[in-house]
Each structure stands twice: as structure tokens, then as C-alpha cells.
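Please look through the model below with its sequence at hand. The briefing that follows is grouped by topic and is meant to be read alongside the coordinates on screen.

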Amino acid sequence: MSAEPRAVGAAVMGRESPSKLSVRGIAKRYGAADALLPMDLDVWPGEFLTVLGPSGSGKTTLLQLVAGLIEPSAGSLFIDGEDRTHTPVHQRGIGVVFQNYALFPHLTVRENVLFPLQMRRVPAPELKRRAAEALGMVGLGALEDRFPRELSGGQQQRVALARCLVYQPALILMDEPLGALDRKLREAMQMEIKRLHRETGATIIFVTHDQEEALALSDRILLMNHGRIEQIGTPQHIYEHPASLFAADFIGLSNVIQGRIGAGGVLETPDGALPLPPEAPRLSSGATAALVVRPEHVSLRPATPECAALRGRIVESVYAGSEFRLLVTLGSGTTIVARRSPGQAPLAIGDEVVLDWDAAQGRLLPA
Ligand SMILES: Nc1ncnc2c1ncn2[C@@H]1O[C@H](COP(=O)(O)OP(=O)(O)O)[C@@H](O)[C@H]1O
Ligand SMILES: [Mg+2]
């Protein structure tokens, strides 16, 4: 490819500013196996991009390539428009935080944080100031004389964050940094990472397999599957317009109803004909397709004998604080999840119900 990388990056998104990171055709093979298929990607200055996908989908491989920890089998990458494909790790100006935060056990919190600065031969007065600043940012100023074994898991993770922030990298890579923490702590740390992102203005690429975490944190989500990009977009766009059944299934809870395109803009299913969304892609009559409907769009009401609409029976009801989650089985055996607020008329297990949704809220995908 002969095009100049900045121009390529800017043109792709119609943006003025050059990308922080441009990846062009980067790929990684191990023997005969593709860990990452050739990938193009632009990450914008100050963006929070989350790489989301199941285990083995290539997330860590992508991060290792960007960090310079492994050599690509093909392709190139550019940081601030400069070709960095073969630049050693420590010359890329990238901060890295991994799940196993690997603090030095024999060094105190402060010494752990100082370490990257000492490696970079930062003069002593500045060294002290920057370490204090980084520890202050993660709220660990008071614990700087402790050793890692004297800290909780969450505090250790904060030290790892401070150690990454201390040399003020403009690009930060995080590989499942919160994976080892329990839920409460993880949510608190998510807020902290968001705040640090705002305060530092750094570009962050954050890897997780947790879709809730991805939805909560990201400007954009890069959804990966089998070493390639399944979909990339804002959390809201992917949630509302999943490009595939994989995306619909991986992000948020989805109801998937399989059928065939029938005459007159309907999906023929064993449970009846369902209206297609007005903006549905044109599929030829007889083609198999799936209709995806999010639980919050499904409304339920008690069935009446003469009613011809989609019907089912409630088989499970789970109280989840702000809502009930109801499981409804259709005649064909297909199961649908619906949400219902505690304020609505109660429905019980065994009740026959009619299911309904605004056709425009459904997404039609080729099956
Ligand atoms: N050093 C390696 N040698 C051989 N195969 C590897 C190596 N690292 C990763 N892989 C393979 O590449 C694929 C992607 O791995 P990885 O990037 O670690 O996935 P993820 O981080 O999404 O779980 C997996 O199939 C994995 O087994
Ligand atoms: Mg991984």
C-alpha cells in the first residue's frame, strides 16, 4: 500500500486530526495457526477503545503487537504517523498494564512506581515529584512505604496503574487489568480508570472479555472473533445495530427468533408470522433469517382466547431489584426474555401471555 498513513487514517473516519495509532494489515501467525488475521485499525488521540471478545479471539495478540512485545507476521503500525513496526518496546512511548500486575515484591509501593523513571534516567527531584503525583492520582499517597504483600488486590492494581501513569505515556494499553478483582472493586476501578482517562487525556486501548465493562467504559468497542474484527463502533451503535448474530449475542441480552422471509414483509416462524423492521436489509423470499429483539422492547400482556398474536407461557420469573426478568416459552420451544417493571401488573409462572414489540426495534440478520 503506497498511501501515506496519516492521510489513510484521516480519510477512513473523515477526520482532520491524524490518528494516534494506525494499524495496516497487521497479522500474527503461530506455525499454521492465525492468532490475528490481517487487520486495519485507527485509534484517535484521547479515545478510549475497548477490545472485546471471547477467550482466544486475538485480543492479547493485538495488544502485544501494538506494544512491540511480539513481531508481526505481516503489516505495519504507525504511532503519531511514524512507522513503529520494528521499534523496540521501550522506545514506543507506550504504557502497559496487564492482569498479573507483576509488582516487584521486594520494592515498596513508591520504589515500584519510581522504577520506570529510574530506567529512563529521570533526574532525582523530578523523579520524586512525579512519583508522588502518580500515587496521588490513584489515591495511594498514604501507602507509599508498604510492600505489595501488605496491599489488597485492588490496591496492588492501583500501584500497577500508577507505575504506568508515572511516565505520562500518551498511549496506554491495558489487558484485562481488572480481571482478578471482585465485582464491587472492579466497578470502583472502572470509575477510577474513566477519571484517569479524562484527567490525563491519554489514548487508552483496554482489553476485556466482559461486555458490561466494555459498554460502561468505551468511546468505541472493537469486537473480535476468531482473530478478526467482527464489528467496531460506539457501544450504543453496536447494541442497537449489531452487524451479526455473534455481535447481538455477545453484547447485551438478545432474543433471537429464526425463520424464513415470507411474502409481504414478514418473517415466517413456527410460532407465526412476525413483521420485519422497516429498515431491514432486503433478503429474498424464502431466505433464512433471524430477528433479534432486545428484552426491554418486548412487552407482555395476559392472553385472551381470541387473540392471534405471538403467544407464550411464562416459565421463569427472576426479581432483579429494578425489574423482573421473565422467561417466556413459545409454542415451538423458542425462549424469549422480557423485562417488566415491578410497577406493572404482576405476571406469574404458568401465565399465558401475548408478546409484542415495535417492529422498528427489531433487527433482521441473515442466519
Ligand atoms: N505464543 C503463542 N504460541 C502459539 N499460539 C498462540 C500464542 N499466543 C497466542 N496464541 C493463540 O492465538 C490465539 C489468540 O490468542 P490471544 O490473543 O491470547 O487471545 P485472547 O487474548 O483474545 O484470549 C489463540 O488461539 C491462542 O491459542
Ligand atoms: Mg488475552
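Predicted model: local features only at pLDDT ≥ 70, side-chain atom pairs only at ≥ 80, totals over all residues.

Two strands are taken to pair if DSSP finds at least two bridges between them. With that in mind, the hairpin of β16 and β17 has four residues between its strands, and G321 there takes a positive phi near 80°.

**Strand pairing around β16**
- Strand β16 (residues 311-319) runs antiparallel to strand β17 (residues 324-330), and the two are joined by seven bridges; within this pairing, I314 has V328 of β17 as its bridge partner.
- β16 also pairs in the antiparallel sense with strand β19 (residues 352-356), here over three bridges, and in this case R313 is bridged to E352 of β19.

**A338 in β18**
- A338 belongs to strand β18 (residues 335-340), and because its relative accessible area is 0%, which is under the 20% cut-off, A338 counts as buried.
- Leaving aside neighbours within four places in sequence, A338 is in contact with P295, V298 and L300, and also with F324, R325 and L326.
- From A338 to G58 the separation is 280 residues in sequence and 33 Å in space, C-alpha to C-alpha.

**The open sheet**
- Four strands, in the order β2-β1-β4-β5, form an open sheet with antiparallel pairing.
- β2 (33-43) and β5 (82-83) stand at the edges with a single partner strand each, so one side of each has no neighbour in the sheet.
- Strand β1 (residues 21-30) and strand β4 (residues 74-79) run antiparallel and are joined by five bridges, with S22 having F78 of β4 as its bridge partner.

**Helix α5**
- Helix α5 (residues 153-165) has 13 residues, which at 1.5 Å a residue should span 18 Å, and this agrees with the 18 Å between its end C-alpha atoms.
- α5 is mostly covered, since eleven of its 13 residues are buried; among them are G154, Q156, R158, L161 and L165.
- The buried residues of α5 pack against the strands β6 (94-98) and β7 (171-175), and against the helices α3 (109-119), α4 (124-137) and α6 (183-200).

**Nonpolar cores**
- The largest nonpolar core has 35 residues, and those with the most contacts inside it are V113, L161, M174 and F206.
- At least two residues of this core are supplied by each of α3, α4, α5, β7, α6 and β8 (203-208), and the largest share, six residues, comes from α5.
- Apart from this core lies another one, of 24 residues, which includes V23, V66, A67 and L173.
- Not counting residues up to four places away in sequence, V113 touches A131, A134 and L135, and likewise V159, A162, R163 and V166.

**Surroundings of ligand 1**
- The residues around ligand 1 are Y30, A35, P54, S55, G56, S57, G58, K59, T60 and T61.
- A polar backbone atom of G58 is 3.0 Å from an oxygen atom of ligand 1.
- In the side chain of K59, an N or O atom is 2.8 Å from an oxygen atom of ligand 1, while a polar side-chain atom of T61 lies 2.5 Å from an oxygen atom of the ligand.

Conventions:
Residues numbered from 1 in each chain as written. Chains lettered and ligands numbered in written order. Heavy atoms only, no water. Expected span 1.5 Å × (residues − 1). Buried < 20%, exposed > 50% of the residue type's maximum accessible area, 1.4 Å probe, protein only. Contact = heavy atoms within 4.5 Å. Core = buried A, V, L, I, M, F, W, Y, C linked by side-chain atoms within 4.5 Å. Near = heavy atom within 4 Å. Polar contact = N/O pair within 3.5 Å; in protein donor to acceptor, adjacent residues only side chain to side chain.
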